[in-house]
Amino acid sequence: MDWQWLFTSFEGRINRAKFWAGSIALWVLSLITNIVISVLFGAQYAQGEIFPVMGPVAWLIWVAIGLALAFASLAVWAKRWHDRDKSGWWSLIILVPFIGAVWILVELGCLPGTEGPNRYGPDPLTL
């Protein structure tokens, strides 16, 4: 699997297996990043707080890595939307609380892609 293409390109199609592989890899990377930042910078979560308490350098690193992971997630999602013969802009559905996350889980993670070629490229299962 071409991981660089998977995480950086918004063109082409991927099947469910590559979607799950990419999503799990990004989730693990996010988890490791949070642990490393917590250990290196002593970031701690105050009771009842969503964001960790840490210095400005740690925040900059945390935000930069978060943006890179968000970009990679959107690239994976766009290719999966393409496999469903829909625009990558459908990723914006994640902005709808709860329903958006469920929609993405079902549509991208569970439903099969379009059989045969579509406007976004050839069927990834036949390559």
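I started with the length of helix α3, residues 56-83. At 1.5 Å a residue, its 28 residues should span 40 Å. I looked up the end C-alpha atoms and found them 41 Å apart, which agrees. I note that this is a predicted model. Next I checked what follows α3. D85 comes after the helix, and its phi is positive, near 65 degrees.

The largest pocket holds about 250 Å³. Its lining counts 14 residues, and the closest to the pocket centre are L26, S30, L69, A70 and S73. Which elements give two or more residues to this lining? They are α2, residues 16-41, and α3. I recorded α3 as the one that gives the most, with eight residues. I also sorted the lining by class. Eight residues are nonpolar, six are polar, and none is charged.

**R13**

I moved on to R13, in the loop between α1 (3-8) and α2. Is R13 buried or exposed? Its relative accessibility is 6%, so R13 counts as buried, the cut-off being under 20%. I looked for what its side chain reaches. Another is the backbone oxygen of G121, at 3.0 Å. I also took a distance along the chain: R13 and T33 are 20 residues apart, and their C-alpha atoms are separated by 28 Å.

**N118**

N118 sits in the segment after α4, which runs 99-109. I find N118 buried as well, with a relative accessible area of 15%. A polar atom of the N118 side chain lies 2.8 Å from the backbone nitrogen of Y120. Which residues does N118 contact, leaving aside neighbours within four places in sequence? I listed R13, H82, D83 and D85. Two of these names were already in my notes: R13 from the loop between α1 and α2, and D85 from the check on what follows α3.

**C110**

My last entry is C110, in the segment after α4. Its relative accessibility is 43%, so C110 counts as partly exposed; that class lies between the 20% and 50% cut-offs. Setting aside neighbours within four places in sequence, I found C110 in contact with R16 and L105. I also compared places in sequence and in space. C110 and W3 are 107 residues apart in sequence, and their C-alpha atoms are 21 Å apart.

Notes
Residues are numbered from 1 along each chain as its sequence is written. This is a predicted model: local features need pLDDT of at least 70, side-chain atom pairs count only at pLDDT 80 or more; totals for chains, interfaces and linings use all residues. Side-chain values use heavy atoms; hydrogens and water are left out. Helices (H or I, at least four residues) and strands (E, at least two) are DSSP runs, numbered from the N terminus. The expected span of a helix is 1.5 Å times one less than its number of residues. On a 1 Å grid over the protein atoms alone, a cavity is a set of points where a 1.4 Å probe fits but cannot get out, and a pocket is an open set with protein on both sides within 12 Å along at least five of seven lines; lining residues have an atom within 4 Å of a point. Grid points are joined across faces, edges and corners, and a volume is the space filled by probe spheres set on the points. Ala, Val, Leu, Ile, Met, Phe, Trp, Tyr, Cys and Pro count as nonpolar, Asp, Glu, Lys and Arg as charged, and the others, Gly among them, as polar. Buried means under 20% relative accessible area, exposed over 50%, partly exposed in between (1.4 Å probe, protein chains only). A polar contact is a pair of N or O atoms within 3.5 Å; within protein, one must be able to donate a hydrogen and the other to accept it, and residues adjacent in sequence count only if both atoms are side-chain atoms. Contact means heavy atoms within 4.5 Å.
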